[in-house]
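Please read each one against the model.

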Amino acid sequence: MNYIELDLKVDPEFSEILMAELGEAGFESFVETDEGLLAYIQEEEFKEEAIAAITAKYLDLTTIAATWKSLERRNWNEEWEKSYEPIEVNGQVRVRATFHEPDPSFKYDLLIQPKMSFGTGHHETTWLVMNEQLNLPHERLSIMDVGCGTGILAILAYKLGASHLLGFDIDEWAVENTRENFAMNELPASSEVFQGTIQDVPEGKIFGGVLANINRNILLAEIPAYVAHLEPGGWLVTSGFYETDQADIEKCAAENGLKKLRSNTRNQWATVVFEKIK
């Protein structure tokens, strides 16, 4: 499976909004550069017309130029490693690659091997979810990570005291990367990772917490399934959508027996935390 690297030459002040636009168009990972932005998407998901529409939208506001090329997996990983920097969340969590030295001033040290998987911590929604996890009970809970990417959210859940972890993703590379990252962070052998969707989670398997950093449409379709796997009083963290989509997510959650606990935003992206009504 190949990926497309999109190279946007644009004023850096537009990088955040363009990441939001591209994230909605299916792009999974981003690297900010001195000249603009690099963005990555699976080749079969790439649509030239989507890029044309996004660039046209901002032409009146800034000079913008887009080029793209297909990347083989190994080449992308080499490029990503050259530009990957540690991520810090709320002064407590530090996500680093193996080639970075640990920083003992952070309570939670997360190790990942950066590959072509969504969830390295650089995307706003990953940061938002990790920030919420710091304020949620994890001790002795079973936690499900929906669309696990690199497994970063599940790894933090373990470091926060979770007793059992289940992660899944439709991307084969993400599953492989999650397993590798679980091992590097010394997660127990009982931690489960598989390639698939929420439909593949056995009926009757119940969790104390669910992490769902996906996108608006999948959340709206799958929230009822998340609730079915959530114990009464259990929590659900949703993210991967714009602030403008938050009302739709909250309406769907309320219709499925969830109570909103709180929400947060970061550069136009949103996260909402819910509790299953007892």
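1. A residue counts as buried here when its relative accessible area is under 20%. Phe-14, at 14% relative accessibility, is therefore classed as buried, and Tyr-58, with a relative accessible area of 8%, is buried as well. Please keep in mind that this is a predicted model, in which local features need pLDDT of at least 70 and side-chain atom pairs count only at pLDDT 80 or more.

2. How many aromatic pairs does the structure hold? There are five aromatic pairs in the structure, among them the one formed by Phe-14 and Tyr-58, which is edge-to-face, with 6.4 Å from centre to centre and 75 degrees between the planes. This pair links distant parts of the chain, since Phe-14 lies in the loop between strand 1 (3–10) and helix 1 (15–24), whereas Tyr-58 belongs to helix 2 (residues 48–58), 44 residues apart.

3. The pair of Phe-168 and Phe-194 has its ring centres 5.2 Å apart and its planes at 20 degrees, and because planes under 30 degrees apart count as stacked, the pair is assigned to that class. It too links distant parts of the chain, with Phe-168 in strand 9 (residues 164–169) and Phe-194 in strand 10 (residues 192–195), 26 residues apart. Phe-168 has a relative accessibility of 2% and so counts as buried.

4. Tyr-58 deserves a point of its own. Leaving aside residues up to four places away in sequence, Tyr-58 touches Phe-14, Ile-17, Leu-18 and Glu-21. The C-alpha atom of Tyr-58 is separated by 9.8 Å from that of Val-10, a residue 48 places away along the chain.

5. How are helix 1 and helix 2 oriented to each other, roughly parallel or roughly antiparallel? Their axes come within 11 Å and cross at roughly 150 degrees, and because angles over 145 degrees count as roughly antiparallel, that is how the two helices are described. The crossing in which helix 1 passes helix 2 is right-handed. On the side of helix 1, Ile-17, Leu-18, Glu-21 and Leu-22 take part, and they meet Ile-51, Ile-54, Lys-57 and Tyr-58 of helix 2. By class, the residues of this contact divide into six nonpolar, no polar and two charged.

6. Helix 4 (residues 124–133) and helix 5 (residues 152–159) pack at an angle of about 15 degrees, and their axes lie 10 Å apart. That angle makes helix 4 roughly parallel to helix 5, and the crossing of helix 4 and helix 5 is right-handed. Helix 4 contributes Thr-126, Val-129, Met-130 and Gln-133 to the contact, while helix 5 contributes Ile-152, Leu-153, Leu-156 and Ala-157. The residues of this contact divide into six nonpolar, two polar and no charged. As background to such spacing, an α-helix has 3.6 residues a turn, so residues three or four places apart point the same way.

7. Is helix 5 largely enclosed or largely open? Six of the eight residues of helix 5 are buried, so this helix is largely enclosed by the rest of the structure. The buried residues are Ile-152, Leu-153, Ala-154, Ile-155, Leu-156 and Ala-157. Helix 5 is followed by Gly-161, whose phi is positive, near 110 degrees.

Note on methods:
Residues are numbered from 1 along each chain as its sequence is written. Side-chain values use heavy atoms; hydrogens and water are left out. Axes are lines fitted to C-alpha atoms, for helices over the stretch in contact, and angles run from 0 to 180 degrees between N-to-C directions. Helices (H or I, at least four residues) and strands (E, at least two) are DSSP runs, numbered from the N terminus. Angles under 35 degrees count as roughly parallel, over 145 as roughly antiparallel, 65 to 115 as roughly perpendicular and the rest as oblique. A crossing is left-handed if the near helix is turned anticlockwise from the far one by less than a right angle, and right-handed if clockwise. Contact means heavy atoms within 4.5 Å. Ala, Val, Leu, Ile, Met, Phe, Trp, Tyr, Cys and Pro count as nonpolar, Asp, Glu, Lys and Arg as charged, and the others, Gly among them, as polar. Rings of Phe, Tyr and Trp (its six-membered ring) pair if their centres lie within 6.5 Å; planes under 30 degrees apart count as stacked, over 60 as edge-to-face and the rest as tilted. Buried means under 20% relative accessible area, exposed over 50%, partly exposed in between (1.4 Å probe, protein chains only).
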